[in-house]
Amino acid sequence: MFDKIIGALTGGLAGQIFDTVKAYFPPDLSPEKKAEAQLALERLALDREKNANDAAREAEQSINERIREHEGTAADLKTLPILGPLMLFLRGAQRPFIGYGTMYLDFQVFSGAWKLASETEQSSFWIINFLVLGFLFGERAVRNVAPILAQMMQKKAV
């Protein structure tokens, strides 16, 4: 049970190293000494993983602190008398405004009210949709919708 937990935490690296090094152990090495060696390797692997996680966390905190220093925070905007609340409103309204604007554009195009005559207009329409979709819903949404749109475009071209 302990071996499975350690293997799950370290990705099995310590066991792989132990299996490799085991061939170089003296033949008369006791099972207790082998277990101690394996435990030491597992501790080493856990320490390395902990150090890597700590370094990643520190790097993320450093980036966040740098952004906070250079770009400021929402609390900084509150100190400005008139522009502060306006900037906070515009910052919060950005996603809904862009999202509803794109939905209106899509409705006009798909209902037939607007005709996309040139190839440039059509490609711009799809680029805008992908950018907004990616911005609002993330990469996963774009990856899930892209194959369906590609099929639609192929059928339309034929």
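With which residue does Asp54 form a salt bridge, and how far apart are the closest N and O atoms? Asp54 forms a salt bridge with Lys50, and the closest N and O atoms are 3.0 Å apart; a salt bridge is taken as a side-chain nitrogen of Lys or Arg within 4 Å of a carboxyl oxygen of Asp or Glu. The structure is a predicted model, in which local features need pLDDT of at least 70 and side-chain atom pairs count only at pLDDT 80 or more, while totals for chains, interfaces and linings use all residues. Residues are numbered from 1 along each chain as its sequence is written, and side-chain values use heavy atoms, with hydrogens and water left out.

The secondary structure of the protein consists of seven helices and zero strands, giving the pattern α-α-α-α-α-α-α along the sequence. Helices are DSSP runs (H or I, at least four residues) and strands likewise (E, at least two), numbered from the N terminus. Of the 158 residues of the protein, 15% count as buried. Here buried means under 20% relative accessible area, exposed means over 50%, and partly exposed lies in between (1.4 Å probe, protein chains only). The protein exposes about 12700 Å², of which carbon and sulfur atoms supply 63%; accessible areas come from the Shrake-Rupley method with a 1.4 Å probe, and for residues only the protein chains shown count as cover. Among contacts between residues at least 6 apart in sequence, 39% join residues at least 24 apart, a contact being heavy atoms within 4.5 Å.

A search of the whole structure finds three salt bridges. Besides its bridge to Lys50, Asp54 forms a salt bridge with Arg57, where the closest N and O atoms are 2.8 Å apart. Asp54 and Lys50 both lie in helix α3 (residues 31-71), four residues apart, or about one turn of the helix. Asp54 and Arg57 also both lie in helix α3, three residues apart, again about one turn. Asp54 counts as buried because its relative accessible area is 19%. Lys50, by contrast, is partly exposed at 48% relative accessibility, and Arg57 is partly exposed at 41%.

In the remaining pair, the side chains of Arg68 and Glu65 meet in a salt bridge of 2.6 Å, N to O. Arg68 and Glu65 are three residues apart in helix α3, so about one helical turn separates them. Arg68 is partly exposed, with a relative accessibility of 42%, and Glu65 is partly exposed at 35%. Salt bridges that share partners join Lys50, Asp54 and Arg57 into one network.

Helix α5 (residues 83-110) comprises 28 residues and reaches 39 Å from its first C-alpha to its last, close to the 40 Å expected at 1.5 Å a residue. The expected span of a helix is 1.5 Å times one less than its number of residues. A bend of about 45 degrees occurs in α5 at Ala93, and a proline, Pro96, follows within four residues. The bend at a residue is the angle between axes fitted to the seven residues ending there and the seven starting there. After α5 comes Gly112, whose phi is positive, near 90 degrees.

The buried residues of α5 are Gly84, Gly99, Thr102, Asp106, Gln108 and Val109, and the buried residues of this helix pack against α4 (74-78) and α6 (119-137). Thr102 is buried because its relative accessible area is 9%. Leaving aside neighbours within four places in sequence, Thr102 is in contact with Asn129 and Val132. Gln108, which also lies in helix α5, is buried with a relative accessible area of 12%. With neighbours within four places in sequence again left aside, Gln108 is in contact with Ala113 and Trp114.

A nonpolar patch on the surface is formed by Leu80, Leu83, Leu86, Met87, Phe89 and Leu90, which together have about 590 Å² of accessible area. Patches are made of residues with over 30% relative accessible area and no salt bridge; like charges are joined within 9 Å, and nonpolar side chains (Val, Leu, Ile, Met, Phe, Trp, Tyr) within 5 Å.
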